[in-house]
Amino acid sequence: MRLRPFFVPLLLLCQFVLGQQLQFENLGQQLHLPSQETYNIMQDGKGYIWFSTEQGFCRYDGVNLKVFDRKNGLPEGAVYSVAENPKGRLWLATSKGRILICENGILREAPFSKALAEMLEPMGTVHALHFIGDQLYINFISQTFVANLKTNRVTEIPKKLSMSFSLLKNGSQFIPLSALHSADFKTVRATENDPLTLNINDGKTVETIKVPRNTLVPYPRNICSNPGQYGAFSMANWIVSHKNKNYHFREMPQRILSVHVDRDGGLWVGTLKEGLYYFPNGDLSEPPIISLGDYSITGILEDAEKNIWCTSLEKGLFLCKNKNVVNYFNIPDLARPADMLKAIGPKVYASRGIQMFTFENGLPVQQAVKYYSKESLSDIVEFKGNLYLCGQEIIGRTNNNFHPITIIPKANSIYMGAIKMEPVDDELYLTFPGAVGRIDHGFVNPLVRIPSRSRCLKSYAKDKFLVGCSEGLYDVNLKDSIVTKIPGIIHIVTQILQTGNVFWITTKGGGLYRYDGKTATSMNRQLQIPSLMVFDAVAYKNDIWLGTNEGLVKLSPQKDSFKTDIFETAHGLPANEIYKMAVNGQRIFLSTVEGVCTFQPDVLTHNIHAPQIYLQSLWINDAKASVIKNRKLAYDQNSLRFIFDRLAFKGEPKLSVMLKGRDKVFREQQGHEVILENLDPGPYQLVVYAVNSDGLKSARPVVFDFEIGKPFWKELWFLLIVLLISLLILYGIIRKITQKVKAREAEKTRINKLIADSQLTALQAQMNPHFIFNAINSIQNYILKKQETEAYTYLAKFSKLIRLVLHNSQQQMLPLHEELETIKLYIELEQLRFSDSFDFECVISDEVDEFETMVPAMIIQPYLENAIWHGLMNLDGQRRGKISLRFAKENELLRIEITDNGIGRQLSEQYRKENTHQPVAMKITEQRIMIVNQQYENQQINVAVTDLFDSQGLPSGTQVVLWLPLSNFE
């Protein structure tokens, strides 16, 4: 077995400590840890970060810290070891050797924990937990146990009595199988001459290696491996790695507290009060990068995003977001922005004030530069085997040792110093604050004045330059002394970069321009440059890198354009504001607002690890609720707040949210909460992705289905009840309105009837005096003629008729027999009056009941009167007069027929013109019929008058027919 120990002088290590280091951020105070003494950091299968403190076991999701302590199931304050089995359960070993299981955020003691406690020696401390299948290996400082997780049986691995240790090698993993008796530790410390024997069993063969011994207790611990890489462990202050079938050793300046092998093969070693050592290739013979000096690093983790996490005994938790970015912040003058940063050959030069540093192989060396100026240097070039320096107050020449510096004199120049320099063939050209010149024969010679303060220059042909100034870009022809301002650029030009035949112009305020020799074109929108403040530009291979105030921009050429990538502090840069850049070999150096750093551009990539997302808690109407999918909520439970764990630790992850049932597209939002307020009733599905700082979504979203119920007033049964009640109310309203209308109509009808009755009564009152007047005239006539008997008979009948008329005048309707009684008295009086000159007959059909049939009072008498007075009285003895009155039923009507054999209507009209008698009764009757017809629309009285003629065509009388409804008119 080949052993390769590497002994590195402590002095050389000190040089490394004062050189490069990684960019770590301290999270101890930010997370409000229960204790700053931390150790044992890991990432579980879900993506959570777990670590131990002296006052509790912690889980970190990138936003919130959850602490397990005595309040929620942790019996002791500290957890000394933690491991995850393939099922995703966490197994914890506490400071008192108790074994716990953490599952779904709940702690419980392992079934074999109490049996293990009974087997422990006093002062036993757990060093590590390891899984091989269903077996858990539990390593104490002087004991090793194996717990069978199927049977929960614990057995102790026998101890060795010799000065040797045993390790089980499972792939690249090492597991201690045996240890020394506690009584043997003194012997181990005392015996320093002979190396320790280490037996490594891989299940097939046993390898024996010798480990150098020192005064520290040499117990195999801090064992780490990475699948596909190699394994490593420590013994006291010795780090041992098994790589390429060989074991390699290296002694560290202090006790080793933690070891980690990352996925790229890098080896990390945490020491006691000497910080973190990083061997990028795992080669222990190479100088390491030392960070976090003076801290005791107790735990190291590379997470799924390749962040590096460290726990410490003094200052809690540290995070490095990019192990490929190295800074020099432990050197004060490099912890601030550099005034000048430039690569020449294998070296990079950086100056701050009057301090000059050179970088070779990434390591800084401070140069003893002495010149009499307080101004900083602005440029350095190599020309004809010498280095030329320039600044506001100096133009000088020196060698690689910067000693001595020769000041170049001025030839008719008012300028003390220069801004930039550029060698072209055998000439060295310079820009001054307002001119372009060169060094001629050892003297500074301005050639052409420029109407703006110059800042940079670039040669594109013999004696032709592009000069960047405070007010834009100028084309300068030194041969013809012609200065032309290039249109389109008006801002301060900071750099001119040439790639092929194209010039890239960076500006403060105008962003990036492309100049093809004819036209300057702004490229900000096309290339999606994040800022208009572009300070510098360099070319690396085929890519263009830009330094802006909002990050580092990489432009990668595509077919017809460029792909734009932006790198920020989330990718491990110390700051987003990048002032100057330089390319040296396989590295790019940056001068940021925080200081100088460097990285390998080939390995600076975006975060390609998809974040994980979990629903942490649900709040409904500001009350925490259990997370139950397909949940049905009441209508007033329509304000929901979802809190998510977004497991991405580079930058600030976002949420991509869509609420199906309301939204049509996904929307991105900051923070880790989704708030849904005043949701309408209906089914919803919330779909949420986590999005990391580079726009990569989680592979699986959180999907939560729920339904907001309808309020009872929107339910079908309630709507039906409301509809029914509404219809009842509407019916009641309509009925009430109808009743009011009917009441008004009834009242109106009643009033109209009263008016009609009054009119009828008035008409009757007009008719009755007329009849009475005629009767009195007849009585008077009898008296004058001394016909006392006739007068008496007439007066008796007349008095009876008057009584009937007075009685009937109070009634609108009369039974037919009462009407006939009045008519017969009237006819008898008229026969007496006219000396019995006409006959009268009354015929009633059997279908007519004279006692049940109702007729209007005095409706027939006027027609009889008219027949007597105008039909019969004008016969003049031609024939005996006759009146017939017939009653019959016809089509549900009472037919009243009055027929006389008088002279007819035509001759009667001639007599009426000669006579003063006017037929008042007929007019009154016609008005009565009209009023009755208006009063009873459905019970009309119709009248038809027919002239009668004999066989010779001579008038032989008149026939009047009345049709009355058989109802009672009430």
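Helices (H or I, at least four residues) and strands (E, at least two) were taken as DSSP runs and numbered from the N terminus. On this basis, the protein holds 10 helices and 74 strands. The structure is a predicted model, in which local features need pLDDT of at least 70, side-chain atom pairs count only at pLDDT 80 or more, and totals for chains, interfaces and linings use all residues. Residues are numbered from 1 along each chain as its sequence is written, and side-chain values use heavy atoms, with hydrogens and water left out.

Burial was assigned from relative accessible area, with buried meaning under 20%, exposed over 50% and partly exposed in between (1.4 Å probe, protein chains only). Of the 970 residues of the protein, 49% count as buried. Contacts were defined by heavy atoms within 4.5 Å. Among contacts between residues at least 6 apart in sequence, 53% join residues at least 24 apart.

Strand pairing was examined next, two strands being paired if DSSP finds at least two bridges between them. An open sheet of five strands has the order 2-31-58-57-56, with antiparallel pairing. Strand 2 (21-22) and strand 56 stand at its edges with a single partner strand each, so one side of each lacks a neighbour in the sheet. Within this sheet, strand 31 (residues 325-327) and strand 58 (residues 595-599) run antiparallel and are joined by three bridges. The bridge partner of N327 in strand 58 is C597.

A further antiparallel pair is formed by strand 21 and strand 22 (residues 238-243), which are joined by five bridges. The two strands form a hairpin with two residues between them, and A236 in the turn has a positive phi of about 60 degrees. Across the pair, F233 stands opposite V240 of strand 22. In a regular strand, side chains alternate between the two faces of the sheet. In strand 21, G231, F233 and M235 point one way and A232 and S234 the other, and all are buried. Strand 21 (residues 231-235) is largely enclosed by the rest of the structure, because five of its five residues are buried.

Aromatic pairs were identified among rings of Phe, Tyr and Trp (its six-membered ring) with centres within 6.5 Å; planes under 30 degrees apart count as stacked, over 60 as edge-to-face and the rest as tilted. The structure holds 32 such pairs. One of them, between Y460 and F503, is edge-to-face, at 6.3 Å centre to centre and with 80 degrees between the planes. Y460 lies in strand 44 (residues 454-461) and F503 in strand 49 (residues 502-508), so this pair ties together parts that are 43 residues apart in sequence. Y460 is partly exposed, with a relative accessible area of 33%, whereas F503 is buried at 6%. The rings of F666 and Y689 also form an edge-to-face pair, with centres 5.7 Å apart and planes at 65 degrees. This pair links distant parts of the chain, 23 residues apart: F666 in the loop between strand 63 (654-660) and strand 64 (667-669), and Y689 in strand 66 (residues 682-691). F666 is partly exposed at 33% relative accessibility, and Y689 is buried at 19%. Elsewhere, ring pairs link Y635, F712, W713, W717 and F718 into a cluster.

Charges were placed over rings where NZ of Lys or CZ of Arg is within 6 Å of the ring centre and within 35 degrees of the ring normal. The charged end of K697 sits over the ring of Y689, 4.9 Å from its centre. R59 lies over the face of Y48, at 4.2 Å from the ring centre.

Strand 49 also contains V502, which is buried with a relative accessible area of 14%. Not counting residues up to four places away in sequence, V502 touches L497, R514 and Y515. The C-alpha atoms of V502 and G517, 15 residues apart along the chain, are separated by 7.5 Å.

Pockets were located on a 1 Å grid over the protein atoms alone, as open sets of points where a 1.4 Å probe fits, with protein on both sides within 12 Å along at least five of seven lines; lining residues have an atom within 4 Å of a point. The second largest pocket is lined by 45 residues, of which K420, T494, Q495, D536 and K580 lie nearest its centre. Strand 48 gives the most to this lining, with seven residues.
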